[in-house]
Amino acid sequence: MEPALVHAKEHESAQAKLDELFARTGKRPNIVWLVVDDMGYGDPGAFGGGAVVGAATPNMDRLASEGLKLTSTYSQATCTPTRSAILTGRLPVRTGLTRPILAGDKVTKNPWADEISLPQLLGAAGYKSVLSGKWHVGESEGMRPQDVGFDEFYGFYEAEKEITQGVDKRRYPDLVLNPERLAMLRQTGSSNALVHGFKNGETKDVEIIDSIEKMAEGDRLLKEFSVGKIKELAQGTQPFFLEHAFMKVHADNFASKAFEGKSASKYPYKDDVVEVDAYIGEIVRALDDAGVLDNTFIFITSDNGPQLDSWPDSGYTPFRGAKGSAWEGGVRVPGIAYWRGRIKPGRQSDELFDLMDLFNTSLRLAGASSTIPTDRYIDGIDQTSFLLDDEGHSNREKSYIWNEQNFMAMRMYEYKIHVKVVEEHAQWLNIDMTTVSDVGLAPWLFNLYIDPKEQYPVGHRMNAFLASMAAEMKAHAATFKKYPPKNIGLGQ
């Protein structure tokens, strides 16, 4: 397991809060994750965006001010790796889920067959678990949410663009208006439906998405499901885990009727940011109306940085790079931890939080830390004391950043060290026109406090930590000798 820092008094303080709650209610807390797709660090107002970039986010801003705002939260570089990592507590290179599984991909083995997921472990601890929204971690039988531990799934297997590209003749005329090529796309077997599935039960298509207008209303349908499900689950005797994974704001963005033109920008992406923020407010209000908000831990984040390749249909980051890269713009995302009455309002921290930490932390909240697997390397860290103690500090010292099978960089303290870099060959094309390169004679070491855009390495001239950080990276590499990475056939 990834080594963790020890803050004994903070650990005791956090445990006392959990013990008091359990003694009073007789239940473990509910856990709700609100995961936005491709939202940039600079999109929410609490993180420097909001109204100033044409899309006010009052609900996220309020939750940040009434909870803990985490300004150094790290994701993986793209969708599938992050979504697998938070559910397994493991780096994607360990599970084989190193990039999105796209239409036409044929994996050589089911990556979930020998993984142990968070909903599996929470289920054993007495939780009901539901995924509402985007999955994107496999749609074949055996790889679906309802196959890997979730009791219920209501959502889409694919990303938004993968669904609408077959019906949007304005953006993809050479596909949509070419029957033979469209037939080739359909033959890949990719799903274009809103799906409702149950563990060990029926899975059915609720609605076929055959127009961009239908896709534009997808998140509204997901929100309505989650709001109704919260009311239902709150009336039961079991605690629940709800992962609400928005389809938006992943390209291609189409504003729903109720939100078209509602942002100051009037651009579809910005309208969708406003929509997502409104739904976050409705979901939190549903928890309050159901009488369970004081017994619910909520975490709001994005699965990676903005997809600048689709600009202007993309978000904003103040950092270098974007989705698909190991630069801060690709992997540094908003993080908001909210729990009324348990997390002190108005806190802010720049100490490290990796989204993989949600795995260990959720199990600690559920009283099930002892079930964390010991037969494999777990990269997540229990951050309960960081989140719940009024003056809590992060238990994580380092975050390791991979891009598919390439180890790229490490964040430690305010320093970021790169051994490989993603180089752009055209502005805005952070995926389609980039190459991965070795750094040369020495790693590139940046001080993110004085150079948050990672523009000027300071390694040999101005920093004494180069050798120490290199040693930490060697120790990380050594974990793969004892626990070899898994290959499921997802090449570059």
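A salt bridge is a side-chain nitrogen of Lys or Arg within 4 Å of a carboxyl oxygen of Asp or Glu. The legends below apply to a predicted model.

**View 1. R62 and E66 form a salt bridge.** The closest N and O atoms of the pair are 3.1 Å apart, which is inside the 4 Å cut-off. R62 is partly exposed, at 30% relative accessible area. E66 is partly exposed too, with a relative accessibility of 32%. Over the whole structure, a search finds 42 salt bridges.

**View 2. E115 and R376 meet through their side chains in a salt bridge.** The N to O distance is 4.0 Å. E115 sits in the loop between helix 4 (92–95) and helix 5 (118–124). R376 sits in the loop between helix 13 (357–365) and helix 14 (384–388). The two residues are 261 apart in sequence, so the pair ties together separate parts of the chain. Both E115 and R376 are buried. They also belong to a network of salt bridges that links R90, D114, E115, D375, R376 and K486.

**View 3. K416 and E328 form a salt bridge.** Here the N to O distance is 2.8 Å. K416 belongs to strand 14 (residues 415–418), and E328 to helix 12 (residues 328–331). The pair links distant parts of the chain, 88 residues apart. K416 is buried, as is E328.

**View 4. The largest pocket has a volume of about 790 Å³.** Its lining counts 31 residues. Nearest the centre of this pocket lie T78, P100, L102, I431 and D432. Helix 6 (160–164) and strand 16 (434–438) are the elements that give two or more residues to the lining. Strand 16 gives the most, with three residues. By class, the lining of the largest pocket holds nine nonpolar, 14 polar and eight charged residues.

**View 5. The second largest pocket holds about 410 Å³ of space.** Its lining has 23 residues. L308, T317, G321, W428 and N430 lie nearest the centre of this pocket. The elements that give two or more residues to its lining are helix 11 (268–289) and strand 15 (420–424). Strand 15 supplies the largest share, three residues. The lining of the second largest pocket divides into 11 nonpolar, seven polar and five charged residues.

**View 6. Helix 13 is largely enclosed by the rest of the structure.** The reason is burial: nine of the nine residues of helix 13 are buried. Just after helix 13, G367 takes a positive phi of about 70 degrees.

**View 7. Two cis peptide bonds: K248 to V249, and A251 to D252.** For the bond from K248 to V249, omega is near 20 degrees. For the bond that joins A251 and D252, omega is about 0 degrees. V249 is in the loop between strand 7 (240–245) and helix 11. D252 is in the loop between strand 7 and helix 11 as well.

**View 8. N200 has a positive phi though it is not glycine.** The phi value of N200 is near 55 degrees. N200 lies in the loop between strand 5 (193–198) and strand 6 (203–208). At 78% relative accessibility, N200 is exposed, since the cut-off for exposed is over 50%.

**View 9. E404 has a positive phi and is not a glycine either.** The phi of E404 is about 55 degrees. E404 is placed in the loop between strand 12 (398–403) and strand 13 (406–412).

**View 10. Y449, I450 and M462 form a nonpolar patch on the surface.** Together they have about 380 Å² of accessible area. Y449 lies in the loop between strand 17 (444–447) and helix 15 (459–462). Y449 is exposed, with a relative accessible area of 52%.

Note on methods
Residues numbered from 1 in each chain as written. Predicted model: local features only at pLDDT ≥ 70, side-chain atom pairs only at ≥ 80, totals over all residues. Heavy atoms only, no water. Patch = residues over 30% accessible without salt bridge, like charges linked within 9 Å, V, L, I, M, F, W, Y side chains within 5 Å. Areas by Shrake-Rupley, 256 points an atom, 1.4 Å probe, with all protein chains shown as cover. Helix = DSSP H or I, 4+ residues; strand = E, 2+ residues; numbered from the N terminus. Buried < 20%, exposed > 50% of the residue type's maximum accessible area, 1.4 Å probe, protein only. 1 Å grid on protein atoms, 1.4 Å probe; cavity = no way out; pocket = protein on both sides within 12 Å on 5 of 7 lines; lining within 4 Å. Points joined across faces, edges and corners; volume = space filled by probe spheres on them. Nonpolar A, V, L, I, M, F, W, Y, C, P; charged D, E, K, R; others polar.
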